[in-house]
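Welcome! Please take a moment with the model below, and then we can walk through some of its features together.

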Amino acid sequence: MWLLPNEIYIQRPFVTYIVCLAMIIAMVHMIGLIEIKWAGITWLDMWRNEQFFMIGSTSAYPTAVLHMTVKVLTNKGIYFRVTSKQTPTDDDEKYAYLYVVRWAPMLIPTVIVFAANVMAIGVAMGKAIVYARVWSTAQKWHAGLGLLFNLWIMVLFHPFALAIMGRSGKRPVVLFIMLPITFLVVFLTYILVHSSKLKGMAANTAANGGAGGHGRSNNGGVAEPAVNGGGKGARRVRVSPMDKYWVPADEREMAAAAADGGEDGRRPLLFRNFRVSGLLIHPYRLLTLVRLIAIVAFFIWRIRHPYADGMFFWWISIIGDFWFGATWLLNQVAKLNPIKRVPDLALLEQQFDLPDGNSKLPVLDVFINTVDPIDEPMIYTMNSILSILAVDYPVDKHACYLSDDGGSIIHYEGLLETAKFAALWVPFCRKHSIEPRAPESYFSVKSRPYTGSAPEEFLSDHRCMSREYDEYKVRLDSLFTIIPKRSDAYNGAQAKEGTRATLMADGTEWPGTWIDPSENHKKGQHAGIVQVMLNHPSNQPQLGLPASTDSPLDFSNVDVRLPMLVYIAREKRPGYDHQKKAGAMNVQLRVSALLTNAPFIINFDGDHYVNNSKAFRAGICFMLDRREGDDTAFVQFPQRFDDVDPTDRYCNHNRVFFDATLLGLNGIQGPSYVGTGCMFRRVALYGVDPPRWRPDDVSIVGSSKKFGNSDSFINSMPIAANQERSIISPPALEESVLTELSDVMACVYEDGTEWGKEVGWVYNIATEDVVTGFRLHRTGWRSMYCRMEPDAFRGTAPINLTERLYQILRWSGGSLEMFFSHNCPIIAGRRLNFMQRIAYINMTGYPISSVFLLFYLLFPVIWIFRGIFYIQKPFPTYVLYLVIVIVMTEMIGMVEIKWAGLTLLDWIRNEQFYIIGATAVYPTAVLHIVLKLFGLKGVSFKLTAKQVASSTSEKFAELYAVQWAPLLFPTVLVIAVNVCALGAAIGKAVFGGWSLMQMADASLGLVFNVWILLLIYPFALGIMGRWSKRPYILFILIVIACIIIALADIAIQAMRSGSVRLHFKRSGGASFPTSWGF
């Protein structure tokens, strides 16, 4: 009855009916207990009698009734078979007949009864979730009583279930594992089929649960899981697929905030908390628990059965299985309480934007980092700057700093051109509400919905702006020829020997790196440069000019002010370790402190741009919220990428990490810092403790020695602690200020200080981002994760296989460096949350898994030389455990896909590229850390090359380019071993005369080989180059290779034995002498 849509009561009132049944059953068992005493039998005898009465009532007795009915009507009943006696078996196994399954029609009714009760339990669990907010307490009690009946029936059928399991009935634990798995499969199926009901209920609940107007409709594209609006008149909005299973988790806080109305002077609640609906999170946690139990049972079973064809391999696999289980658990526990936080942009605007056009929002400094205008195409960097200058944030409240770590005049003059173009682009964006505000991305899409206020002028303005942008790109490209020509003309006129200076447009020598390097003007050796390209604007709006002959764009009703823009190239000298990106950002931190000293900072890589103009406001919502805002060190946004191939062959989007793992960390102490698209609290980077761990009488600065000898910088630190400071007053660049700026950019400034250790970004590690975020968490700060729609920021990613692997090598090598350093999360202090510590242990130690995984993936090589080799006996039980564990993993993944808003392809790509990384990259990372631990020089990490414009018109041309490197060879070896193993197994099966059991075991091993090849499939396409456009070629090649290897194996065996015997199922085989040509 559970399988029907509604509850069916066989008797009302149901509770009275159950009470009467319980009394009768209890009396029966009391009578039975007395009978046990006087009959001299055991409790087990009585229990087996009850069980087999129930089994007989569902299998044999209905057949007997049918027999009698047929005999009365036709005088011919059912034929009764004589009971066969036990006979000696071929093996020495006792009770062998007990485990023999002989299927007969009599068994089917009992199987149906058993299946119906299993399905009933699963469906009842599903109904309990779907109707959790609809059912009354009485209905829930009724459901619980009904489930007790189902469980009691299943306990009575336990002997029957063991019998139909055959030899697996020797291990009753298998039955107990399979039953919960079946429950969950039925439960999840019911949930998925009836999920529309839950979505309607969740939306209605959220619509009725808004409080005090803290959910508003104009949230700038922020992904709100349920509704925008609260109280009366709340209206439903379109629910994103990424948010359909999220429900509010802070109703009480919102209600309290609405009740106090801000009368106590506290800041408002500027974001909402959402949790995963119980529909998904409860089964997700239950599946995790069941899989953990299965892993423990599997490990115990293996320890109790130390049988294999080679104990050395057995011990390696035991250690590997333990490591895999431990790392899975470390990864999984961090995702058991995912939290989504949604900024309330409408309330932020209401609270901080003034009617006169001014704003009380705090000041922001934006950092962009680049090195080489060729390796990192300058057009990306300048688009990033343009999107920042045009962002929807008060013009006088943010400043942009470009750090050119190569000291290139190309970047400097490109920035001059960008500042000129911004005078057109930024007002155009404001006038027509352009999204996104990076011109390269904007003009690459043919059409977008118009949201501006001047539609009649849009088409002409758009054509004009597109033309201006094309001319701007031409001017940028021409810098690569204009500057050398200008410099050559000067050098020819001066005729100086030994030096060929690079000149600026005003005729002065460029103080940075020259085109023809010379002493004090080359990479790694040049003076520091600070140049304000755009001065800080006034705090009053400045309207533009109407359209004219010189300027066809009408900006008469548009504010044309531009934010402050600063160019920085730090000093570099031989003999100093300049610490790459981390060192450049620390210089930016000090220079910006002397100029604008904003309390908040956002950092970007040179190839990332602002995709959602309200992204800065979203980050500020978390920093200014009154609950945990003061203790928030940084707000991390997910990384999203353009120009990735549609199938995301190399998992560039990394959606499982950004949309599942980081949401899980968001429910603990916060996400880790991932390098770009992150808003920081400045004083947190200075190493200051968070307010909840800092006594009120402790100074922000503390010991000034760790910050260096600049008094101006040290004096700026207490001012930066004022997070509500909304006024920028940069000093005039007089001689004294320039001297201070030169000092804080000097190479010697950090000598004897804590910069790169406890202050600023951390040094001497490949993954300075993760370590810097860990240091902040270890100090007691928390972080927030902000996912928006449209995406806050977007960038470019490497779509070439080799470049992608180099990127992962740098990440994995840096993670191991962190694990084996004083920044190891195991030894962090008590301020680091326990679950956050677990997450960091997993994030830093994961490459070690490759040692064991590579062993497993190369193990099939034994097929080639030996044939069947059992790593664990009994092999079928071993495989059964593996299947259960793997199936449980995939089931957990399917639930995770739902609540994280992922696709099945995202999940598959994540699994595939984990295996590719574990064979190609992680072993190299392990080698790197082993070398470093022994005091040797580790592996050199190559910086990831950015996508550049292809010389052909073909899209995704880099995807089909093959760049051979040593990193590729281990994975190529794994592919070769598994293909050879498939061929050799086929050859041995045909030639070797295997038994049916051996054939079955071999087929299980072959499934493993095929599974490995499917996981490495993207890699195989990558090394095929342009042939990968036709994937069917790969499948043809693999089949041909398997056939060739199988024939070669048969030939080798024939030469050893002197004849070939091919075994066939019906004829028994055919023999041929080797002289026939084998």
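C1042 counts as buried at 10% relative accessibility, where buried means under 20% relative accessible area, exposed means over 50% and partly exposed lies in between (1.4 Å probe, protein chains only). This is a predicted model, in which local features need pLDDT of at least 70 and side-chain atom pairs count only at pLDDT 80 or more, while totals for chains, interfaces and linings use all residues. Residues are numbered from 1 along each chain as its sequence is written, and side-chain values use heavy atoms, with hydrogens and water left out.

**Cysteines**

- How many disulfides does a search of the whole structure find? The search finds zero, taking a disulfide as a pair of cysteine sulfur atoms within 2.5 Å.
- A disulfide is a covalent bond between the sulfur atoms of two cysteines.
- The closest cysteine sulfur to that of C1042 is in C980, and at 8.5 Å it is too far for a bond.
- C824 is another buried cysteine, with a relative accessible area of 8%.

**Positions annotated in UniProt**

- An unreviewed UniProt entry places the feature "active site" at D405 and D769. UniProt positions are given in the numbering used here, with shortened feature names, and annotations may be inferred rather than shown by experiment.
- The unreviewed entry also has the annotation "binding site", which covers E376, D405 and K580.
- D405 sits in the loop between strand 7 (398-404) and helix 14 (409-432). Helices (H or I, at least four residues) and strands (E, at least two) are DSSP runs, numbered from the N terminus.
- Is D405 buried or exposed? Its relative accessible area is 9%, so D405 is buried.
- Setting aside neighbours within four places in sequence, D405 is in contact with T370, V371, H526, R570, K572, K580 and A584. Contact means heavy atoms within 4.5 Å.
- D769 belongs to helix 23 (residues 768-779) and is buried too, at 12% relative accessibility.
- Y673, V674 and G675 are touched by D769, not counting residues up to four places away in sequence.
- E376 is found in the loop between strand 6 (364-370) and helix 13 (378-389).
- K580 has its place in helix 17 (residues 580-595). With a relative accessible area of 63%, K580 is exposed.
- Beyond its neighbours within four places in sequence, K580 is in contact with D405 and R570.

**Salt bridges**

- Side chains of opposite charge can pair when their charged atoms come close.
- Across the whole structure, a search finds 36 salt bridges. Each is a side-chain nitrogen of Lys or Arg within 4 Å of a carboxyl oxygen of Asp or Glu.
- One of them joins the side chains of R627 and E253, at 2.9 Å from N to O. R627 lies in the loop between helix 18 (615-624) and strand 14 (632-636) and E253 lies in helix 9 (residues 251-260), so this pair ties together parts that are 374 residues apart in sequence.
- R627 is partly exposed, with a relative accessible area of 24%, and E253 is partly exposed as well, at 36%.
- D321 and R302 form another salt bridge, their closest N and O atoms being 2.4 Å apart. D321 is in helix 11 (residues 311-333) and R302 in helix 10 (residues 278-304), 19 residues apart.
- Both D321 and R302 are buried.
- D405 returns here in a salt bridge with K572, the closest N and O atoms being 3.3 Å apart. K572 lies in the loop between strand 11 (564-569) and helix 17, and D405 in the loop between strand 7 and helix 14, so the pair ties together parts that are 167 residues apart in sequence.
- K572 counts as buried, at 11% relative accessibility.
- A network of salt bridges links R640, D642, R655, D659, R787, D791, R794 and D906.

**An open sheet**

- Which order do the eight strands of the open sheet follow? They run 10-11-7-6-12-16-14-17, with mixed pairing. Two strands pair if DSSP finds at least two bridges between them.
- Strand 10 (529-534) and strand 17 (782-785) are the edge strands, each pairing on one side only.
- From one strand to the next, the twist averages 20°. Axes are lines fitted to C-alpha atoms, for helices over the stretch in contact, and angles run from 0 to 180 degrees between N-to-C directions.
- Five bridges pair strand 10 with strand 11 in the antiparallel sense. Q531 stands opposite Y567 in strand 11.
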